[in-house]
Amino acid sequence: TKQKLWGGRFTGKTDPLMHEFNQSLRYDKRMYAADITGSIAYAKALTKVGILTADEEQKIASGLQTVGKEWEDGVFSIKEDDEDIHTANERRLSELIGPLGGKLHTGRSRNDQVATDMRLWLLGEVKEVESGLKDLIRVMVERADKEKDIILPGYTHLQRGQPIRWSHLLLSHAFSFHADLQRLQQLIPRVSVLPLGCGALAGNPFVVDREFLAKELGFQSVAENSLWGVGDRDFIVEFLMWASLTMTHISRMAEDLVIYSTAEFGFVTLSDAYSTGSSIMPQKKNPDSLELLRGKSGRVFGNMAGFLMTLKGLPSTYNKDLQEDKEPLFDAVDTISASLKIAEGVIATMEVHSDKMRQALTMDVLATDLADYLVRKGIPFRETHHISGRAVALAESRKCQLNDLTLQDYQQLNEKFTDDIHSVFDFEASVERRESIGGTSKKMVERQISVLRASLAN
Ligand code: ARG
């Protein structure tokens, strides 16, 4: 009996291109395990309300396990009429155990089934992504801990601003990822809502115990409205938004490193493992890993924007448009998982050139400290800012550095300058002065490291 699961009311055949167009098995088969798990739980729930006998439930469960094993071993044979993972698994179950297989779908619809599978599958992936994110943060924190003594210019507008610790910069990116980690953990309760038992749209007439189902499947709560249960895909949007933002952070970090790996900066060198060469220019070593991280952020954002367009304007409950939730979600999960690993590898293996960073520290990055020096002698900051600016201009006109000006030069700008002025021209002292919480002093960098380490522990 080669007929579609829903073939009863049909006499005409599906157009072959329509069949292709409709088919989602080629990508939704990756949820096979979630589909089997959901079905085994549903069989138990049917048994509890007397639709299946204990013996029937046993046969269905073991049949489903065989189907799962076939997928796992790569021997599941796909049939022309298998539309999606749900129809494929049910078709195979009935081949294995006979007409009894046809009892499994009692009171269930692919609408509550697919929503359940997606949530179950995503919950598993979120755990993986979470551990990938933690690994990245960990590598950054370990590196920051080892390289606390390296000082470089901090930039605003890509212009040298003030000296900072290299670790402080690295940790600034880690703090973005730290917030991403919290956001990821916080979206779990909204993914973990059980749609199974909502039926096609109106609910389950065999009154299956949905709280039991939630427990069986490890969901935190049960969808309270069946129309919402089958039609909601906000949990997917939320994950895509999360992934877009996290990729944006990866991209901004990548951009810093692309700049720092140029010969002009020379602050870092990527390891060969994460670089590629040029087919024509023999000298080239390009930071392709970083460029791909930057580029793939656009791809993930596109998945989010595209899927929001799919949702916008849909009527209530299930519409086939919702099948378009899968490819963007799967692609986003694959992309972010790979990106986290690549970012981790890049950070773990790159070389940091502290000498180059040191060389980039010109005295003008201490101009703020120079202004602060006079503040400590009682002059209002607005005035000291101006005086320090005059010193910068004077040094610039003489093509020398701030510390090449004489004490006399300084005293001409303001009589409060004394010979302790030379204490200003010390990069180490400058960073150590920033010892309020959040500053770049060694102590405050160590504080950041312990905050991040603590967050990795949960
Ligand atoms: N493959 C479908 C999807 O991914 C499953 C649900 C189909 N339901 C339906 N009533 N046609 O959305």
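## Annotated domains

UniProt, in an unreviewed entry, places the feature "domain: Fumarate lyase N-terminal" at residues 8–302, and the model examined here is a predicted one.

In the model, residues 365–432 are 57% helix and 0% strand, with end C-alpha atoms that are 15 Å apart.

## Overall form of the chain

The chain contains 18 helices and six strands, and its C-alpha trace spans about 100 × 50 × 40 Å along the principal axes. Its radius of gyration is 31 Å, whereas a compact globule of 458 residues would have a value near 23 Å.

Of the 458 residues in the chain, 36% are buried. Among contacts with a separation of 6 or more, 74% are accounted for by residues 24 or more positions apart. The extent of the model can also be followed through one pair of residues: Phe 21 and Ala 395 are 374 residues apart along the chain, and their C-alpha atoms are separated by 71 Å. Phe 21 is found in helix α1, which covers residues 16–22, and it counts as exposed because it has 9 C-beta neighbours inside 10 Å, where 12 or fewer is the criterion.

## Helix packing

Helix α3 (residues 32–48) packs against helix α8 (residues 210–217) at an angle of about 145°, the two axes being 10 Å apart, and the crossing of α3 and α8 is right-handed. On the α3 side the meeting residues are Thr 37, Gly 38, Ala 41, Tyr 42, Lys 44, Ala 45 and Lys 48, while α8 contributes Phe 212, Leu 213, Glu 216 and Leu 217. Sorted by class, this contact of α3 with α8 comprises six nonpolar, two polar and three charged residues.

Helix α4 (residues 54–72) and helix α5 (residues 85–97) cross at roughly 120°, with axes that come within 9 Å, and the crossing of α4 and α5 is likewise described as right-handed. Lys 59, Ile 60, Gly 63, Leu 64, Thr 66 and Val 67 of α4 make the contact with Asn 89, Arg 92, Leu 93, Leu 96 and Ile 97 of α5. By class, the contact of α4 with α5 has six nonpolar, three polar and two charged residues.

Met 304 is placed in helix α11, which runs over residues 288–311. With 23 other C-beta atoms within 10 Å, Met 304 is buried, because the criterion for burial is 20 or more. Once neighbours within four places in sequence are left aside, Met 304 is in contact with Leu 240, Met 241 and Ser 244.

Leaving aside neighbours within four places in sequence, Val 392 is in contact with Asp 364, Ala 367 and Leu 402. Val 392 and Leu 405, which are 13 residues apart in sequence, have a C-alpha to C-alpha distance of 9.8 Å.

## Positive phi angles in loops

His 157 is not a glycine, yet it has a positive phi of about 55°. His 157 lies in the loop between β1 (151–156) and β2 (159–165), and it counts as exposed because it has 6 C-beta neighbours inside 10 Å.

Val 207, another residue other than glycine, has a positive phi near 50°. The loop that holds Val 207 is the one between β3 (193–194) and α8. Val 207 has 12 C-beta neighbours inside 10 Å and therefore counts as exposed, since the class includes residues with 12 or fewer.

Key:
Residues are numbered from 1 along each chain as its sequence is written. This is a predicted model: local features need pLDDT of at least 70, side-chain atom pairs count only at pLDDT 80 or more; totals for chains, interfaces and linings use all residues. Axes are lines fitted to C-alpha atoms, for helices over the stretch in contact, and angles run from 0 to 180 degrees between N-to-C directions. Helices (H or I, at least four residues) and strands (E, at least two) are DSSP runs, numbered from the N terminus. A crossing is left-handed if the near helix is turned anticlockwise from the far one by less than a right angle, and right-handed if clockwise. Two residues are in contact if their C-beta atoms, placed from the backbone, lie within 7 Å. Ala, Val, Leu, Ile, Met, Phe, Trp, Tyr, Cys and Pro count as nonpolar, Asp, Glu, Lys and Arg as charged, and the others, Gly among them, as polar. The radius of gyration is taken over C-alpha atoms; the globule rule is 2.2 Å times the number of residues to the power 0.38. UniProt positions are given in the numbering used here, feature names are shortened, and annotations may be inferred rather than shown by experiment.
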